[in-house]
Structures are given as structure tokens and as C-alpha cells.
Amino acid sequence: MKFTKGNKSIRSKRSRAVLLTVCLLVISGLIAGCSKGPEEPNAPKLLLGFSQLGSESAWRIGNTRDIEEKAESYGVSLMLENANQKQENQIAAIRRFIAYKVDVIAFSPIVEEGWDNVLMEAKEAGIPVILVDRDISTENKDLTKCLIGADFYSEGLHAGEYLIRKADSLGLEHVNIVEITGTEDSTPMRQRQAGFMDAIKDDPRMEIIESINGDFLKSRGAECMRELLDKYGQDIDAVFSHNDEMTLGALPEIEEAGFEPGKDMIIISIDAGQEAIDVLKEGKINCVVECTPMLGSTLMETALKLKAGEEVDELIHPKEKLFSDEQDLSAMEPRGY
Ligand code: GYE
């Protein structure tokens with residue numbers, strides 16, 4: 001468990017501070033008849049338990065870093081646990097947060113199903129829960145307070161709309177698409193796929209010849225692409241990859257098979273981390289839909305509101321853009337992830 005402000009010291013600091021406060025109260029009460037003691041100067045405003053799902057991508061690493069930095073700047077004491085891509089580790093982390101009596105729990109669920117029991121335990125303990133990045137699937141809507149994360153459906157939709165524009169500009173009559181998806185049963189996988197399908201479904205040129213699970217990992221992106229190239233070779237016109245990591249794994253495979261990514265095959269990715277943007281500028285990727293990992297400030301503000309007993313918005317989507325070979329990208333700011 002990573003803990004950014006000494007947890008053990010909090011209790012002993014608290015008991016010393018309580019003793020001090022009591023003494024000060026008695027003295028000041030005796031002298032001036034005053035009944036209010038001073039506040040403990042270094043007390044954290046909030047103790048937040050956050051279960052991160054893993055470190056599979058530049059997106060995820062940027063997201064963890066942003067949450068750590070924002071906890072620091074908002075004066076929030078953060079208990080951070082990394083689940084290394086395992087749901088059972090996330091469930092165990094949430095149970096530890098409950099046992100520790102944190103003020104607020106936040107987590108990025110690796111998949112959508114299977115959270116009801118542990119979230120019921122948090123609810124019974126009276127601890128509010130924030131979903132970060134990904135959603136859960138449950139009948140019981142009041143297990144969590146809100147979701148702070150991207151609109152994955154729109155991301156998929158924008159990716160599909162770009163492909164239609166690109167096919168128009170190249171005058172393509174038929175487009176064979178291979179899709180490399182993210183982690184099965186995760187929100188971004190489900191929603192990006194749904195949005196993309198909806199964007200292309202009424203265009204008779206568009207055909208998804210295969211959809212394959214790349215688990216959001218670079219190594220899997222390479223493996224999937226190798227498999228697809230073996231099967232379909234030059235029949236592949238477009239690759240829709242659910243994240244930059246898998247795209248960056250797939251590109252060398254395409255080159256090794258003797259094709260020029262970005263020219264012989266249209267390459268579409270999601271996240272828009274720095275490395276993918278650099279490759280987009282080189283012309284090997286045609287389009288990257290932005291998905292921002294910078295969710296830390298909104299998370300801290302929302303957690304502080306919940307601690308104060310205030311209402312919060314149920315759904316908070318950050319604003320996101322699309323970067324492609326349709327634009328002049330020479331003056332782009334560094335991405336920060
Ligand atoms: O696109 C991918 C990461 O849930 C939005 O997870 C996130 C996705 C992101 O591993 O790179």
C-alpha cells in the first residue's frame with residue numbers, strides 16, 4: 001500500500017493534538033471564558049482510499065501520477081493501491097479502505113461486473129464511493145455516488161466518423177477493418193466498440209472482418225496484429241485499435257509484414273499520449289482520439305464535497321478532442337502523458 005502522508009503518525013499526532021487542544025481549551029476557558037480550541041495545523045482535510053487497476057499503459061501511468069500530484073496540492077491524504085490488473089486485488093484493497101475507515105473510497109474498476117458485495121460493505125460502513133475512469137454494471141444504483149471519466153461511446157463514434165471521412169477522401173469503395181479491442185467486459189472496450197459500430201453501420205463500404213482482444217497491452221497489440229496479418233495480409237484496409245499501447249505494438253508488425261502503416265493501412269487509435277502523437281506526426285498513425293487521464297482535480301474536488309456532505313454530479317465527462325492527418329499539428333502542446 002502506498003500512502004502519501006504517514007498513516008501511523010496520524011493517530012499519534014491526533015492524540016497529541018487532542019491532548020493539546022483540551023489543555024488549551026481549559027486554559028483559554030479559564031482565562032477568557034472562551035470555549036473554542038484552535039484547529040490542528042497539519043490535519044489532512046480528507047483521507048481518500050484509491051484503488052488503481054494497474055499500470056498497463058502510458059494513459060494509466062499518467063492517470064496515477066495526476067491523482068498523486070493533485071492529492072498533494074489539495075491537501076488530501078491518499079492511500080493508493082495498485083491492483084496489477086486483477087479484480088480480486090481491487091476488492092481486497094476496497095475492504096482494507098473500509099477497515100481503515102477512510103473518508104471516501106475511489107476506484108477504477110477493471111471490468112464492469114462483480115462489485116455489488118464489496119460496495120454493499122462500503123455502503124453499510126457509511127463510506128461514499130466514487131468511480132474513476134470506468135463504470136460498473138449493477139442493478140443497485142445507489143452503491144456509488146458518481147462516475148468521473150471519459151465518454152467512451154463518443155470516442156468510438158468519432159473514430160468511426162473519421163474513418164468514413166478518410167474513405168471518402170481516398171475514394172475507397174470497400175474498407176476491411178480489423179478491430180483490436182481493450183480488456184474484455186471493461187467500459188472503454190464495450191463503449192468504444194459500440195460507438196464505432198454505430199458510426200459505420202449505415203455505410204455499406206465498411207466491414208469489420210475481425211475483432212480481437214488485445215487487453216490494452218502493447219505486447220498483446222503486437223500478437224494480435226501478427227495473427228491478423230497472417231490471416232488477412234493485404235486485405236486489411238484499416239486498423240481500429242482501442243488504445244495507443246496496442247497501436248504502438250501493432251505498427252512494427254505491419255512494417256515487418258511489408259506494409260506502410262498510415263498509407264497501405266489506415267491506423268486509428270485512442271488516448272493521444274505523447275508517443276502516439278509523435279507517430280501520428282510521422283504519418284504512421286492517421287487519427288488518434290483523445291482520452292484524457294487528467295482526472296485528479298475533479299476527483300479531489302468531488303471527494304472533498306462528499307466529505308462535507310454536499311451533493312455531487314452523478315456523471316462528469318472531461319472534454320476531449322480528435323487529432324488526425326486532417327489537421328496541422330505542428331504547434332501542439334506537450335501531452336503530459
Ligand atoms: O484508454 C487505456 C487504458 O480506461 C480510459 O485504459 C482507460 C483505458 C485507456 O489502459 O490506455
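Helix 2 (58-73) and helix 6 (187-200) each give at least two residues to the shell around the ligand. Helices here are DSSP runs of H or I, at least four residues long, numbered from the N terminus. The model is predicted: local features need pLDDT of at least 70, side-chain atom pairs need 80 or more, and totals for chains, interfaces and linings use all residues. Residues are numbered from 1 along each chain as its sequence is written, and side-chain values use heavy atoms, without hydrogens or water.

Domain 1 (46-150 + 294-319) and domain 2 (152-291) each supply at least three shell residues. The domain bounds come from an automatic or database assignment.

Around the ligand stand 13 residues, with a heavy atom within 4 Å counting as near. Glu56, Asp133, Arg134, Asn243 and Asp271 come nearest.

Now the polar contacts (N or O pairs within 3.5 Å). For Asp133, a side-chain N or O atom is 2.9 Å from an oxygen of the ligand. The ligand alone exposes 300 Å², and the protein buries 100% of that (Shrake-Rupley, 1.4 Å probe).

Notes:
Polar contact = N/O pair within 3.5 Å; in protein donor to acceptor, adjacent residues only side chain to side chain.
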